[in-house]
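Please examine the sequence and the structure shown here before reading on.

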Amino acid sequence: MHDLYDLAIIGGGINGAGIAADAAGRGLSVFLCEKDDLASHTSSASSKLIHGGLRYLEHKEFRLVREALAEREVLLKKAPHLVHPMRFIMPHQPHLRPAWLIRAGLFIYDYLGKREQLLGSEQVFFESPDSPLKANFSRGFEYSDCTVDDARLVVVNAMQAHEHGAKIMTRTICLSAQRMAGVWVLELEKDGQRLWIKAKALVNAAGPWVAQFIQQSLALKPAYGIRLVQGSHIIVPKLYAQNKAFILQNHDQRIVFAIPYLNQYTLIGTTDREYTGDPNTVEISPEEINYLLDVSNAHFKTPLTALDIIATYSGVRPLCDDESDNPAAVTRDYTLALDVTLDEAPLLSVFGGKLTTYRKLAEAALEQLKPFFGDLAPHWTESALLPGAEQFSSIDQLATEIGYKIKGLDEYTIQRWVYAYGTRVWSLIKQAGSVHELGLNFGHGLYALEVDYLVEHEWAVSSEDILKRRTKLYLQFSVDDAQQLDDYLTALHEHRMKKNVA
Ligand SMILES: Cc1cc2nc3c(=O)[nH]c(=O)nc-3n(C[C@H](O)[C@H](O)[C@H](O)COP(=O)(O)OP(=O)(O)OC[C@H]3O[C@@H](n4cnc5c(N)ncnc54)[C@H](O)[C@@H]3O)c2cc1C
């Protein structure tokens, strides 16, 4: 007999994890499979913003912008450890966009969505020599949006789903699914082994693979086309001291962000280019690197060359095809496609979407599935805290408490823990009272206790899962340090397997 779930979800990106959390919290039995690690594709390759999307106003995407603006305030409360207000400075370039147009845009931005915590926009003047901008920029505009740890937002949603009973399986690919006798039968593969489950409804949140999954794994026809649009970022040493982001206008009418990142770096991106390759292996091209360096060098006093780049990353936006000529203009809004025939199990596919609007997308998905589940509970996620936000007073307060509990722990690790785990840090620390009780130090403040926690509670399997997505320590770790961590993880995995067999 195969396990029967109410809902099976394909994809452990933000949309799959968000739908899983919402559905499980409403009492549905949920299964989610992710072929790689949680957030290992588009959802960890974003600009890491929870934003209304100022530039989408130019494309008249008022519905999306209104929803996204309001979600900033919702997410600031749901995950205050992961989502943080940030001021954005737009240096004025009168030949690219007149001041009246920007003022009008910012006025709409200030008032279109609910704003409680975030400050409104204003005009600013740049005083050389303090300004990081070149001398030709004398004025600009400043407004609010938020930054987020994108990969961790996915992980905490998966945790919330799990805490409401969902089964989350990573490194598990769904090879095919078929409707049989009123349910979906899914054929899965994990560690080379085949397994099967059944579900009353199927959600396809496969991101860049959404259309391919419908065609190849379900042998059906997608309701919409998908446009794959690559976007890349470069990470460089901190370009300027201010804790503010810049939104830079380029001659091609595109904008590029320069965002303070992890205290020591500046994140610069993104690009927009049509992508036809395999989304598994997307990487930044030399042209994209030059493009981002050129935009930065046209604005900032600190010159950048390719040698300054510490890391790069690339992702593929799975956008709903609206037949725009320009990849930058394709809609960023989401579309849900419900495929159902009489007496058959429903299929709901997710096309497009933003990290920012994942929660509203999940609510819309559950609204579409409601008719198939008679007594479905009402929506609940707007005011529900995500894991780590429970009893969270402030960053400083939690940092003080950790410092008090773990004698001798360095300030950098304390801060990193607060921002990554919020109040779940206490599950990580357990009974430890000093640095010596945190176990082996793999370098840069990564101790065995944190690794154990990530394996036990956050589905981490490899050093990449831990360093790249859950802690961001990959920017500091050497190959040898990472190898030591992988050896530890292999031993830990074998130990857990033996324990399970016994
Ligand atoms: C460069 C860039 C910058 C962006 N910046 C922002 C931003 O600042 N703010 C914002 O709000 N949004 C931003 N976005 C958009 C946002 O990142 C995406 O909309 C979002 O991450 C898409 O999530 P997803 O869950 O649909 O896809 P994904 O994160 O790609 O998840 C889909 C998952 O499905 C899995 N999968 C596929 N097929 C199968 C299968 N057969 N079996 C099992 N698993 C499968 C994949 O492995 C993948 O992990 C940006 C996007 C890009 C590319």
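In which loop does K430 lie? K430 lies in the loop between helix 10 (425–429) and helix 11 (448–457); helices (H or I, at least four residues) and strands (E, at least two) are DSSP runs, numbered from the N terminus.

## Basis of the model

The model is predicted: local features need pLDDT of at least 70 and side-chain atom pairs count only at pLDDT 80 or more, while totals for chains, interfaces and linings use all residues. Residues are numbered from 1 along each chain as its sequence is written, and side-chain values use heavy atoms, with hydrogens and water left out.

## Backbone features

The phi of K430 is near 50 degrees, a positive value in a residue other than glycine. A cis peptide bond joins G269 and T270, with omega about 20 degrees. T270 is found in the loop between strand 14 (265–269) and strand 15 (273–274). As background, most residues other than glycine have a negative phi, and most peptide bonds are trans.

## Domains and their interface

The protein chain is assigned domain 1 (4–42 + 152–225 + 332–383), domain 2 (227–320) and domain 3 (395–501); the bounds come from an automatic or database domain assignment. The C-alpha centres of domain 1 and domain 3 lie 30 Å apart. Their contact (heavy atoms within 4.5 Å) takes 13 residues from domain 1 and 14 residues from domain 3. About 1100 Å² is buried between these two domains, with carbon and sulfur atoms giving 49%; buried area is the accessible area (1.4 Å probe) that two parts lose on being put together, summed over both. On the side of domain 1, D37, R152 and M159 lose the most area to domain 3, together 50% of what that side buries.

Between domain 1 and domain 3 there are 5 salt bridges, each a side-chain nitrogen of Lys or Arg within 4 Å of a carboxyl oxygen of Asp or Glu. Across this interface, 8 residue pairs are in polar contact (both at pLDDT 80 or more). A polar contact is a pair of N or O atoms within 3.5 Å; within protein, one must be able to donate a hydrogen and the other to accept it, and residues adjacent in sequence count only if both atoms are side-chain atoms. Helix 4 (residues 150–163) supplies 6 residues, the largest share of the side of domain 1 that touches domain 3.

## Ligand surroundings

Of the 38 residues around the ligand, E34, S43, L49, G353 and T356 come nearest, where a residue is near if one of its heavy atoms lies within 4 Å. A polar side-chain atom of T356 lies 2.7 Å from an oxygen atom of the ligand. Polar backbone atoms also take part: that of S47 is 3.0 Å from a ligand nitrogen atom, and that of L355 is 3.0 Å from a ligand oxygen atom.

## Salt bridges elsewhere

The whole structure contains 36 salt bridges. One of them joins the side chains of E122 and R87 (3.7 Å, N to O). This pair links distant parts of the chain, 35 residues apart, with E122 in strand 5 (residues 122–125) and R87 in strand 4 (residues 83–91).
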